[in-house]
Amino acid sequence: MTIAQWLIFFLLIQVIHFIGTWKLYQKAGRKSWEAAVPVYNAVVLMKIINRPWWWVILLFIPIVNLIMFPVVWVETLRSFGKKSTLDTILSVVTFGLYVAYVNYMCDVTYRENRSLKPETEAGEFVSSVLFAVVVATVIHTYAIQPYTIPTSSLEKTLLVGDFLFVSKFHYGARTPMTTVALPMVHDTIPVAGKKSYSVKPSLPYFRLPGFQKIKHNDIVVFNWPVDTIYKFNDIQKRPAVFKPIDKKTNYVKRAVGLPGEDISVKDGVVYINDKELQLNDRAKVQYSYLIETDGNLDLRSALTKMNVTDFVSYVENMPGTIYFQALTNDDINYLKTFSSVKNIIKSPDMANLFGYNYPKGYIFPHDKADWTETNLGPIHIPAKEETIVLTPDNISMYKRVIGVYEGRDLQIKDDGIYIDGVKTDKYTFQQNYYFMMGDNRNNSEDSRMWGFVPEDHIVGKPVFVWMSLDPSIPWSKALDKIRWNRMFITVNGNGEQRSYFPYFLILVVGWGGYSFYKKRKDKKNSEY
């Protein structure tokens with residue numbers, strides 16, 4: 001929906017509110033016109049139902065307001081003596097229209113300064129749950145979101161089974177674009193497997209101010225730009241679907257290219273503006289290698305001790321040789337210490353090794369026959385308000401940006417390029433774009449396959465791992481399944497990763513001890 005459409009919708013809601021509540025405002029000692037003034041009418045209503053003024057703010061927060069509107073309907077009815085279970089049900093199932101019925105058809109009396117404490121245990125429980133859901137939704141949407149690492153594309157830095165907390169406020173919290181959705185659920189309802197949101201109505205993209213910008217080497221969580229799968233890991237079972245930006249699958253990769261830069265990949269090494277990208281010391285970039293032995297060394301066992309498990313297979317017609325996809329320089333140096341290792345060859349990519357061609361259009365921008373995952377570019381990354389000249393050679397890089405991410409009508413005809421029906425050879429970009437890659441360079445689906453990540457797809461910045469579970473260990477060995485050395489480690493930055501879990505335990509024990517002491521002291525004082 002456009003801003004104008006939302007304004008019309010908002011004014012329509014105000015008219016409905018006035019028609020359905022003006023008599024109740026009068027019975028509460030207010031003026032009938034106060035029910036007609038946008039925003040002010042909500043402030044007055046909070047006074048009528050004896051609730052704090054800041055509830056008005058919650059009514060304008062997407063997703064949270066889906067919870068708050070029914071609460072306000074119920075509280076309004078209870079303020080006029082309509083507190084039965086049937087009244088509560090009717091207010092919810094009629095989407096608040098039952099309030100209008102009471103407004104015209106019932107002789108009700110305003111209950112001034114009524115008690116806000118629920119009159120039953122069930123009511124107390126429901127109130128507590130609603131409050132918890134509202135708080136959790138606000139935190140999840142605007143501050144911190146939990147995230148799980150599902151793949152090995154950032155192996156060594158982030159492991160499969162890591163549970164992250166992702167900061168929304170580092171780059172600025174993005175307000176929800178999807179306005180009707182289950183709180184704290186992404187694109188699919190758990191267990192039921194059904195879509196958790198409605199595509200319409202929707203809000204335009206808006207981001208609150210952040211306190212830092214994305215930098216080289218930042219690990220970033222973002223919505224997968226080309227996502228049309230119904231559910232992650234369910235790509236073969238469902239037809240493709242259109243998804244709002246904020247309901248696309250969450251991905252986590254490393255930012256290697258920033259707006260306005262030229263990026264190239266040569267033999268797997270990233271170059272920015274013709275200079276090799278300098279990685280921080282936490283970046284554990286891995287490449288694929290052929291490891292040839294004399295047959296007396298169990299490579300898998302040797303590398304498993306270094307947490308290397310990402311191998312493909314033995315190579316046919318090359319006895320004793322294994323193709324590995326995720327070896328760092330440290331791993332290679334370790335293997336060189338074994339006398340059984342005869343040869344180590346850095347493989348350019350899986351396709352060249354096993355002698356097959358990439359699927360047509362596999363490597364971005366999908367029309368360069370000689371580009372591979374380890375050799376591509378140069379590619380210019382668009383920056384906001386940057387104007388570029390469009391040519392037959394570069395239009396393939398930007399046609400999705402212009403036509404999909406920026407919503408322009410792009411047509412490529414025999415006589416030239418048309419944008420919004422006007423022939424042109426220039427375009428000015430409306431937002432920033434990024435180039436994201438995984439550290440597991442030969443086993444990562446990233447910008448090399450599907451191109452740029454728009455700024456409006458950025459979710460946040462992982463800050464620390466709060467739990468890490470080894471998927472290869474069964475739950476019957478729960479203590480071994482937990483990677484204790486990864487509990488409460490920071491994600492981005494330089495320096496050796498260290499666990500802050502002991503400090504967390506000290507804080508928890510200290511707080512528990514203080515609370516116990518204070519409770520005992522208060523109880524003792526109350527006896528005197």
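**View 1. Contacts and surface of the whole chain in the predicted model.** Of the contacts in the chain (heavy atoms within 4.5 Å) that join residues at least 6 apart in sequence, 67% link residues at least 24 apart. The model is predicted, so that local features need pLDDT of at least 70 and side-chain atom pairs count only at pLDDT 80 or more, while totals for chains, interfaces and linings use all residues. Residues are numbered from 1 along each chain as its sequence is written, and side-chain values use heavy atoms, with hydrogens and water left out. The chain holds 14 helices and 23 strands, taken as DSSP runs (helices H or I, at least four residues; strands E, at least two) and numbered from the N terminus. Of its 528 residues, 45% are buried, meaning under 20% relative accessible area, with exposed over 50% and partly exposed in between (1.4 Å probe, protein chains only).

**View 2. Packing of helix α4 against helix α5.** Helix α4 (residues 64-78) packs with helix α5 (residues 85-93) at an angle of about 140 degrees, their axes lying 9 Å apart; the axes are lines fitted to C-alpha atoms over the stretch in contact, and angles between N-to-C directions run from 0 to 180 degrees. The contact is made by P70, W73, V74, L77 and R78 of α4 together with D87, T88, S91 and V92 of α5.

**View 3. W54 in the loop between α2 and α3.** W54 is found in the loop that lies between α2 (40-48) and α3 (55-58), and its relative accessibility of 40% makes W54 partly exposed. The C-alpha atoms of W54 and V43 are separated by 8.5 Å, the two residues being 11 apart along the chain.
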